[in-house]
Amino acid sequence: MNPTSVVKAYLARKGANPLARLQKMPLPKLWIFLGSLGFEVEETVLVVKDKNAKYTYFPNGHMDFYKGLKDREVPSVPTRLEAGQTVYVNVSEPIPVDQVPMGGGPGYRVNYEMYLGWDAVIVTPPEGAPLTLKASSSFDRVRPGATFWKWLAAQPAMAGFLSAPSPPSESSLGPSKMRTLDNTGTCSCCFTNVKLRNGHIVLHGYQRPGWGSVQGECPGVGWKPFEVSPEGTKAFKERLLRVLKTAEEDREKMAKGEVPELAHPVFARRKLTKETATPEEWQRAIEHALPAADAKIRYLKADIATLDTKIREWKAQPLILSSSPKP
């Protein structure tokens, strides 16, 4: 099967509308599809100067950090880099300072220019100006966002595709394809309606109430539905209390810098350790990580409060075992 046939087969699947089907398409297939409409797609790597990275500090005894900068120094502004590659230009000699930032004692300052290789895709329509899609960081891949889809929908070359009728939705395929409430109950952890097997909740993903994200296997799998028993809810609450205790302890260690590693405050996929980072970088990483730790604790406390209310107000309710009329 040729690439175009693969794309056509993908587009033939049911979806809310033509643009929504495109948004679910893997990028290689999307580029093939746009090529069939006359678009030119060029995958490239941009050389980007980090305007905020002009200097750094390191304490005495850490000349290996300076050596790392010199190892990646190039003689002039690069015209081409690999995706994720970082190089430096005009790295100065170490300048002695009485104290590095964040109370690190005497050390050195080094000035430089930093250049990064960023994944990018240039999409040129049959008519009009091209659009450049750039990855969110030098360690990420290109991911089309709202700006791209709005731009694409406005291109004249897309008019015929966007006006085509959508394939039939699931609800039009007949009652045999429709999900019913027969033999279902409410999960005692995520409180969604789920099928039962032998009176217990079957396998499904955990969807946090009010949040919407699915996070693996729900803790409510295997418990009786909430209409019958709140025991699964009680067990889930105890589990979250343990998670909350650990999160609060981790947050306290993080604030003191007593953690083995932290996410880089700029490049999320890069990890920093206290031994390899400068004091300034380590402090920035801590300040960057604390809001996420605080948010996690708030979410956990809110979830526990919700479960408390559910347990306190619980009353037995009937289940819908069958909606079929009796003969």
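Tutor: A helix axis is a line fitted to C-alpha atoms over the stretch in contact, and the angle between two axes runs from 0 to 180 degrees between N-to-C directions. The model discussed here is a predicted one.

Student: At what angle do helix H7 and H8 pack?

Tutor: Helix H7 covers residues 231-255, and helix H8 covers 279-312. Their axes lie 9 Å apart, and the packing angle is about 160 degrees.

Student: Is H7 roughly parallel or roughly antiparallel to H8?

Tutor: An angle over 145 degrees counts as roughly antiparallel. H7 and H8 pack at about 160 degrees. Therefore H7, relative to H8, is roughly antiparallel.

Student: How many nonpolar residues are in the contact of H7 with H8?

Tutor: H7 passes H8 in a left-handed crossing. The residues of this contact include one polar and 10 charged. The number of nonpolar residues is 17.

Student: Is helix H3 roughly parallel or roughly antiparallel to H5?

Tutor: Helix H3 comprises residues 27-36 and helix H5 comprises residues 146-153; their axes come within 14 Å and cross at roughly 20 degrees. Angles under 35 degrees count as roughly parallel. Therefore H3, relative to H5, is roughly parallel.

Student: Which residues lie nearest the centre of the largest pocket?

Tutor: The largest pocket holds about 730 Å³ of space. Its lining has 36 residues. Nearest the centre lie Tyr112, Met114, His264, Arg270 and Glu281.

Student: How many charged residues are in the lining of the largest pocket?

Tutor: By class, 18 residues of this lining are nonpolar and seven are polar. The number of charged residues is 11.

Student: Is Val91 buried or exposed?

Tutor: Val91 sits in the loop between strand S3 (86-89) and strand S4 (95-97). A residue under 20% relative accessible area counts as buried. Because its relative accessibility is 8%, Val91 is buried.

Student: What is the C-alpha to C-alpha distance between Val91 and Lys54?

Tutor: Along the sequence, Val91 and Lys54 are 37 residues apart. In space, their C-alpha to C-alpha distance is 9.8 Å.

Student: What separation do the C-alpha atoms of Val87 and Arg72 have?

Tutor: Val87 belongs to strand S3, and at 4% relative accessibility Val87 counts as buried. Val87 and Arg72 are 15 residues apart along the chain. Their C-alpha atoms are separated by 5.2 Å.

Student: Is Ser136 buried or exposed?

Tutor: Ser136 occupies the loop between strand S7 (131-134) and H5. The C-alpha atom of Ser136 is 9.7 Å from that of Ala120. Because a relative accessible area over 50% counts as exposed, the value of 58% makes Ser136 exposed.

Student: What is the phi of Asn183?

Tutor: Most residues other than glycine have a negative phi. Asn183 lies in the loop between helix H6 (159-162) and strand S8 (184-186), and at 32% relative accessibility Asn183 counts as partly exposed. Although Asn183 is not a glycine, its phi is positive, at about 55 degrees.

Student: What relative accessible area does Asn198 have?

Tutor: Asn198 is in the loop between strand S9 (193-197) and strand S10 (200-201). Asn198 has a positive phi of about 55 degrees and is not a glycine. Asn198 counts as exposed, and its relative accessible area is 72%.

Technical notes. Residues are numbered from 1 along each chain as its sequence is written. This is a predicted model: local features need pLDDT of at least 70, side-chain atom pairs count only at pLDDT 80 or more; totals for chains, interfaces and linings use all residues. Side-chain values use heavy atoms; hydrogens and water are left out. On a 1 Å grid over the protein atoms alone, a cavity is a set of points where a 1.4 Å probe fits but cannot get out, and a pocket is an open set with protein on both sides within 12 Å along at least five of seven lines; lining residues have an atom within 4 Å of a point. Grid points are joined across faces, edges and corners, and a volume is the space filled by probe spheres set on the points. Helices (H or I, at least four residues) and strands (E, at least two) are DSSP runs, numbered from the N terminus. Ala, Val, Leu, Ile, Met, Phe, Trp, Tyr, Cys and Pro count as nonpolar, Asp, Glu, Lys and Arg as charged, and the others, Gly among them, as polar. Angles under 35 degrees count as roughly parallel, over 145 as roughly antiparallel, 65 to 115 as roughly perpendicular and the rest as oblique. A crossing is left-handed if the near helix is turned anticlockwise from the far one by less than a right angle, and right-handed if clockwise. Buried means under 20% relative accessible area, exposed over 50%, partly exposed in between (1.4 Å probe, protein chains only).
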